[in-house]
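Me: I have a chain open on the screen and would like to go through the labels attached to it one by one. For each label, please set the value against its cut-off before you conclude.

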Amino acid sequence: MQLYTALAPAADDRAGACFGKSARSLPQAAACYAGAPIAGRGRRVDPALKIAAVGKALPPHYYDQDTLLEALRQRWADRHYNPGRLERLHKNVLVGGRHLALPIEEYAGLTTWGKANDAWIRVAQEVGEAAVRDALARAGLGPEEIDALIFVTVTGVATPSIDARLVNRLGLSPRVKRMPIFGLGCVAGAAGIARAADYVRAYPDQVAVLLSVELCSLTLQPEDLSIPNLIASGLFGDGAAAVVVVGDQRPADGPRILATRSIFYRDSERVMGWDISENGFQIVLSAEVPQVVRDHLRADVDAFLADEGLARGDIATWISHPGGPKVLEAMAEALELPEGALDLTWRSLQEVGNLSSTSVLLVLRDTLDSHRPPPGSYGLISAMGPGFCSELVLLQW
């Protein structure tokens, strides 16, 4: 037991518990000391990983749902489609209004994917910068203190990526580590927090910032009158959010990130995503999404919480992505949530629509601002997206 002897002078009771007289193997004992999970021993003890702040930025062009519906009616007036179906689908998504990347009259000029993507690059930098600055101000940090910048999106492409274009705009360190991630869609807000937590777990004295920018209106396919595209035209909006995540060597008054989990559902690639052609992003949106929630989410959440020594009844705060009314109803049913548990998520859907990866971060921001739960209580961030997959993040306030 040379390893125990070497650690004993500085390791106190935890080293004794992990390396003392027990039936554990040496690898298990080393894992115990490092804070890794050991079967049957409940939640691991990790360094304190915390959410320090959440910032947001929404484009200034806001329109109520009736105005957006009328604009679409006019755009499709010469096409053979069912205007009553369009109105019904817009009403059913329960969105009251949305922010758009551009003034509504400018969308008719986006006659090619290139023009739409150029607009995406310009506006993504504007709202991305504003969201990061808002988050940093709330965390009491300066741009030069960002050590890692994770950028997630699914609504546009750029090389150099948007995070690179923000280095000069924000005055970031030239040594900042950039991690652009494309393709996770709605799940990327929760997944991005998990990846930021991974980073500061390794570098507890550093600062990681997650930036999500989604400008869904710039992906609209004006020639596509399919049901998924008509639903998307009424459901998705535009905006950005940024989350500051720090390790235990940095002060923060936000919740601790206790654990994360990713779950991939095999052979489900056509549930949600894009078909990409010369026209840009054409939405893939299956009617099966609510059923996928019912089939998988409860077991996934229960297994995740059980591994942390918890159960659904221990969760005081549910921070969920607002996929749409049917998805939220399926989630509440599958998880047997109490009345009002998803109120903030429903409110976000009604006020700004579904902003893909940005949405769950806006719900997190609202929770921090006006619905902060009691100290010591647990919260769960959840989102689902293309893959098809889920992402879970366990918090403690």
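**Labels and the values behind them**

Reply: R250 and E145 form a salt bridge, their closest N and O atoms lying 3.2 Å apart. The two residues come from distant parts of the chain, 105 residues apart, with R250 in the loop between β7 and β8 (256-264) and E145 in the loop between α5 and β4. The model is a predicted one, and the values below are computed from it.

Me: Why is the contact of R250 with E145 called a salt bridge?

Reply: The label requires a side-chain nitrogen of Lys or Arg within 4 Å of a carboxyl oxygen of Asp or Glu. The closest N and O atoms of R250 and E145 are 3.2 Å apart, so the pair meets that definition. In general, side chains of opposite charge can pair when their charged atoms come close.

Me: What makes R250 and E145 partly exposed?

Reply: The class covers relative accessible areas between the buried limit of 20% and the exposed limit of 50%. R250 has 24% and E145 has 27%, so both fall in that class.

Me: How do you know that P251 is exposed?

Reply: Exposed means over 50% relative accessible area, and P251 has 74%, so the label applies. P251 is placed in the loop between β7 and β8, and its C-alpha is 7.9 Å from that of A52, although 199 residues separate P251 and A52 in sequence.

Me: Which residue pairs with D134 in a salt bridge, and what parts of the chain does the pair tie together?

Reply: The partner is R365, at 2.6 Å from N to O.

Me: Why is E129 called buried while R133 is called partly exposed?

Reply: The cut-off for buried is under 20%, and E129, at 16%, is under it, so E129 counts as buried. R133, at 37%, lies between 20% and 50% and is therefore partly exposed. The two residues form a salt bridge, with closest N and O atoms 3.0 Å apart, and both lie in helix α5, 4 residues apart, which is about one turn of the helix. By the rule applied here, the structure has 22 salt bridges.

Me: What makes a group of residues a nonpolar core, and which members of the largest one touch the most others?

Reply: Members must be buried, of a nonpolar type such as Val, Leu or Trp, and joined through side-chain atoms within 4.5 Å. The largest core has 42 residues, of which W120, V209, L211, L215, L218 and V244 touch the most other members. The elements giving two or more residues to this core include β1 (50-57), α5, β6 (207-215) and β7 (238-246), and the largest share, 11 residues, comes from α5. Leaving aside neighbours within four places in sequence, the contacts of W120 include F151, V157, I162, L215 and L218.

Me: How do you know that the lining of the largest cavity has no charged residues?

Reply: The lining consists of W113, A116, N117, W120, T155, G156, L218, T219 and F281. Charged means Asp, Glu, Lys or Arg, none of which is in that list, so the classes come to 5 nonpolar, 4 polar and no charged residues. Helix α5 (residues 113-139) gives the most to this lining, with 4 residues. The space in this cavity is about 40 Å³, and the structure holds 1 cavity of 30 Å³ or more.

Me: What makes I231 partly exposed, and which residues does I231 touch?

Reply: I231 has a relative accessible area of 23%, which lies between 20% and 50%, so I231 is partly exposed. This residue of helix α8 (residues 227-235) touches L89, V93 and L285, not counting residues up to four places away in sequence.

Terms used: Residues are numbered from 1 along each chain as its sequence is written. This is a predicted model: local features need pLDDT of at least 70, side-chain atom pairs count only at pLDDT 80 or more; totals for chains, interfaces and linings use all residues. Side-chain values use heavy atoms; hydrogens and water are left out. On a 1 Å grid over the protein atoms alone, a cavity is a set of points where a 1.4 Å probe fits but cannot get out, and a pocket is an open set with protein on both sides within 12 Å along at least five of seven lines; lining residues have an atom within 4 Å of a point. Grid points are joined across faces, edges and corners, and a volume is the space filled by probe spheres set on the points. Buried means under 20% relative accessible area, exposed over 50%, partly exposed in between (1.4 Å probe, protein chains only). Contact means heavy atoms within 4.5 Å.
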